[in-house]
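Subject: Structure handover and salt bridges

Hi,

Here is the structure I promised to pass on.

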Amino acid sequence: MSLAITLSSRAPHAWRRLQGSLIACLIAAALTLVSPLLVHAQQQQGSGNTFSSQELVDSGHVFFGNMARGMADVVESLTAQYGQPNGYILGEEASAAFFGGLRYGEGVLYTRNAGNHRVYWQGPSIGFDMGGDGTRTMILVYNLPSVDTMYQRFPGVSGSAFLVGGLSASANQSAQVVVAPIRAGIGARLGINVGYLKFTRQPTWNPF
């Protein structure tokens, strides 16, 4: 007994359509699996011209060294409130206060697509604030439209409560641009003050 299978003239076309459908299904399934990975990768690497929390934490750990305890919690708190920054500054500053105070710092502004730039900052303050400190500082910069916008005054309220080392954070804002200094320092300073940070291209002793 023999068995014969006869293909109609339409079979090749139907087979091609079946192949096309199978390929489309496989592509859709692959995209379904890959999409969460792409989202996770974007969160890890930042999106576009911003920096992710992990990138900031890694930079902070290298920069602050042993003083970086609690770095991840501080960064996560700031990014939860303000989103991902599109710039950050690594630098050093010194400050002193006896109800009225002064602060001076310098560092490098890092951006994704506008290069790196040396910056300086100064600022007066007044309040219930006493002591002095020397700190390594990371300043997260949010909503910066251009590097030129960095060079202005950012008012805000700063609270410090660390003795012989520790980590503190604050936020200053001008229009839509927010700068959030994270400080890890050595010294003794306790209190709260009101003032501003003024960023300049060149160093100056004039805090005003």
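Below is what came up on salt bridges.

First, the ground rules: this is a predicted model, where local features need pLDDT of at least 70, side-chain atom pairs count only at pLDDT 80 or more, and totals for chains, interfaces and linings use all residues. Residues are numbered from 1 along each chain as its sequence is written, and side-chain values use heavy atoms, with hydrogens and water left out.

Searching the whole structure turns up six salt bridges (a side-chain nitrogen of Lys or Arg within 4 Å of a carboxyl oxygen of Asp or Glu).

One of them joins Glu93 and Arg183, at 2.3 Å from N to O. Glu93 sits in strand β1 and Arg183 in strand β6 (residues 177–200), so this pair ties together parts 90 residues apart in sequence. Strands are DSSP runs of E, at least two residues, and helices are runs of H or I, at least four, numbered from the N terminus. Glu93 is buried at 4% relative accessible area, and Arg183 is buried at 5%. Buried means under 20%, exposed over 50%, and partly exposed in between (1.4 Å probe, protein chains only). A network of salt bridges links Glu93, Arg103 and Arg183.

Another pairs Glu55 with Arg112, whose closest N and O atoms are 2.7 Å apart. Here Glu55 belongs to helix α2 (residues 53–64), while Arg112 is in the loop between β1 (87–111) and β2 (116–142), 57 residues apart. Glu55 is partly exposed at 22%, as is Arg112 at 35%.

Best wishes
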